[in-house]
Amino acid sequence: MVLLEAEMLQLKANPNKKAAGIVVEAHLSTGKGALATLIVQSGTLKEGDIVVSGPYYGKVKALFDDHDRHVKQAGPSTPVEILGLSAVPEAGEKFFVVDSDKVAREITIIREEKMKADRLRANSKITLEDLFAKKEAGEVRELNLVGKGDVQGSVGALRTALEKVPSESKEVDVRFIHCGVGEVNPSDVILAHASKAIIIAFNIGISSNANDELEKTPVDVRRYNVIYDAVKEVKAALEGMLKPDTKR
């Protein structure tokens, strides 16, 4: 049916140009670094191309098809896994090929500065003083979370599930102050401690440096392998945080 629809609608893409498309999945691989699964939507992606995705870029060192076979290029509508990006891009992020490292570096520097500015604006609203003031004033209380997982898809699914956790009152909100891929690191611990957050770790471990930091700055780290278990426990925590009903 897909092939029939494509033929009837005359869906086409130009393979004779620089590749562009979308990141389906990405993760860190031991010994290989950042691996990203892409769908090429237009153009042709080749080995040696300079790819930009979000604030990251890199030269494509190798391409692998959906059977994990090494290929030299990938045309429109082709799923392919690439090796060579400087870090793990976000799932759903667009990617495109540029002419040189210089152009890629200029684009990513601008994007990094924008992301830093956005984080500063976000972090300025998340302070211990603000949280305490909101609780004292009886305003909406928040359960802050730091989400870490093995791949971007897992982190996104975990975040979506937890943000939809129902509660019997609208007095408590679930708020993710940071999400990322890879094992829990010292920065996660420091951020969670400063923001009075719980770390949700999905299918990952805790680095030795993070364990050292946990001894100095105790933070509740919850590790899960099933999203349902995380949702169940967070829901219980939310209900425990609700103000008791007063009956006279």
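Which residues in α5 meet which residues in α6? On the α5 side they are P186, V189 and I190, and their partners in α6 are N209, A210, E213 and L214. Keep in mind as you explore that this is a predicted model.

**The helix pair**
- Two packed helices are described by the angle between their axes and the distance between the axes.
- Here, α5 (residues 186-194) and α6 (residues 208-216) pack at about 30 degrees, and their axes lie 8 Å apart.
- Angles under 35 degrees count as roughly parallel, and α5 and α6 are therefore roughly parallel to each other.
- Sorted by type, the residues of this contact are 5 nonpolar, 1 polar and 1 charged.

**The nonpolar core**
- The largest nonpolar core has 19 residues, and L38, V40, L45, V51, L63, V80 and I82 are those with the most contacts inside it.
- Strands β1, β2, β5, β8 and β9 each supply at least two of the core's residues, and β2 gives the most, with 4.
- Beyond its neighbours within four places in sequence, V40 is in contact with several residues, including L45, V80 and F95.

**Salt bridges**
- The structure holds 8 salt bridges.
- One of them joins the side chains of D99 and K18, at 2.9 Å from N to O. D99 lies in the loop between β9 and α2 and K18 in the loop between α1 and β1, so this pair ties together parts 81 residues apart in sequence.
- D188 and K148 meet at 2.6 Å, linking helix α5 with strand β10, and both residues are buried.
- R222 forms a salt bridge with E233, and D220, R222 and E233 are linked in a network of salt bridges.

Notes:
Residues numbered from 1 in each chain as written. Predicted model: local features only at pLDDT ≥ 70, side-chain atom pairs only at ≥ 80, totals over all residues. Heavy atoms only, no water. Core = buried A, V, L, I, M, F, W, Y, C linked by side-chain atoms within 4.5 Å. Buried < 20%, exposed > 50% of the residue type's maximum accessible area, 1.4 Å probe, protein only. Contact = heavy atoms within 4.5 Å. Axes fitted to C-alpha atoms, helices over the stretch in contact; angles between N-to-C directions. Parallel < 35°, antiparallel > 145°, perpendicular 65-115°, else oblique. Nonpolar A, V, L, I, M, F, W, Y, C, P; charged D, E, K, R; others polar. Salt bridge = Lys/Arg side-chain N within 4 Å of Asp/Glu carboxyl O.
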